[in-house]
Amino acid sequence: MSASADVLALSKIEIKLSDIPEGKNMTFKWRGKPLFVRHRTEEITAEQNIDLSELWDPQHDKDRITNPTWVIVTGVCTHLGCVPITNAGDYGRYYCPCHGSHYDASGRIRKGLAPLNLEVPYYEFPDEDTVIVG
């Protein structure tokens, strides 16, 4: 299944959310970088209940996510800029095999050498089926 993504301008991308099945992640190219968009399901409650003292770069899920059903992060590891693999690693979401960084379903660093969480770009939902990033 392919998702439609129309470039509005060099700095923005429009994504049709109904093209992304529940529990799945899709990768788009945005500003020359991978952009991970995940339709979250069962992991929402778990990510919202993480003890912030367990995190290397403490950020609550609600501070990273506008709509709990969707996580939108740039797919660039904060260690050395490699591209993490989706649906992999100890937390089952994002794993950078270059130096072993593991990120959770909110894009937060949980294990490895990366010093920071995956970046959350500016985005907005003009309607229930569309997100504009940038």
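Student: Is Phe125 buried, partly exposed or exposed?

Tutor: This is a predicted model, in which local features need pLDDT of at least 70 and side-chain atom pairs count only at pLDDT 80 or more, while totals for chains, interfaces and linings use all residues. Residues are numbered from 1 along each chain as its sequence is written, and side-chain values use heavy atoms, with hydrogens and water left out. Buried means under 20% relative accessible area and exposed over 50%, with partly exposed in between (1.4 Å probe, protein chains only). Because its relative accessibility is 24%, Phe125 counts as partly exposed.

Student: How many aromatic pairs are there?

Tutor: A pair of aromatic rings is described by the distance of the centres and the angle of the planes. Rings of Phe, Tyr and Trp (its six-membered ring) pair if their centres lie within 6.5 Å; planes under 30 degrees apart count as stacked, over 60 as edge-to-face and the rest as tilted. By this rule the count is two.

Student: What kind of pair do Phe36 and Tyr94 form?

Tutor: Phe36 is buried at a relative accessible area of 1%, and Tyr94 is buried at 1% relative accessibility. Their ring centres are 5.2 Å apart and the angle between the planes is 0 degrees, and the pair is stacked.

Student: How many residues apart are Phe36 and Tyr94?

Tutor: Helices (H or I, at least four residues) and strands (E, at least two) are DSSP runs, numbered from the N terminus. Phe36 belongs to strand S4, and Tyr94 to strand S7 (residues 94-96). The pair thus links distant parts of the chain, 58 residues apart.

Student: What kind of pair do the rings of Tyr123 and Phe125 form?

Tutor: Tyr123 counts as buried, at 8% relative accessibility. The ring centres of Tyr123 and Phe125 are 5.6 Å apart and the planes stand at 85 degrees, so the pair is edge-to-face.

Student: What is the strand order of the open sheet of three strands?

Tutor: Two strands pair if DSSP finds at least two bridges between them. S3 and strand S4 (residues 33-39) pair in the antiparallel sense over six bridges. The pairing in this open sheet is antiparallel, and the order is S3-S4-S5.

Student: Which strands are the edge strands of that sheet?

Tutor: An edge strand here pairs on one side only. The two that do so are strand S3 (25-30) and strand S5 (70-74).

Student: Which residue in S4 is the bridge partner of Phe28?

Tutor: The residue in question is found in strand S4. The bridge partner of Phe28 is Leu35.

Student: How far apart in space are Leu35 and Ile72?

Tutor: Contact means heavy atoms within 4.5 Å. Not counting residues up to four places away in sequence, Leu35 touches several residues, among them Ile13, Phe28, Ile72 and Val133. Leu35 and Ile72 are 37 residues apart in sequence, and their C-alpha to C-alpha distance is 7.2 Å.

Student: Which strands stand at the edges of the open sheet of four strands?

Tutor: This sheet has the order S6-S7-S8-S9, with antiparallel pairing. Two of its strands have a single partner strand each, so one side of each is left without a neighbour in the sheet. They are strand S6 (85-86) and strand S9 (109-111).

Student: Which residue in S9 stands opposite His102?

Tutor: Strand S8 (residues 101-103) and S9 pair in the antiparallel sense over two bridges. The residue opposite His102 is Lys111.

Student: How many residues apart in sequence are the parts tied together by Glu43 and Arg93?

Tutor: A salt bridge is a side-chain nitrogen of Lys or Arg within 4 Å of a carboxyl oxygen of Asp or Glu. Glu43 forms one with Arg93, with the closest N and O atoms 3.6 Å apart. Glu43 is buried at 5%, and Arg93 is buried at 14%. Because Glu43 lies in helix H1 (residues 43-48) and Arg93 in the loop between S6 and S7, the parts they tie together are apart in sequence by 50 residues.

Student: Which residues are linked in a network of salt bridges?

Tutor: Asp104, buried at 0% relative accessibility, forms a salt bridge with Arg110 at 3.3 Å between the closest N and O atoms. Asp104 also meets Arg108 in a salt bridge (3.0 Å, N to O). The network links Glu47, Glu54, Asp104, Arg108 and Arg110.
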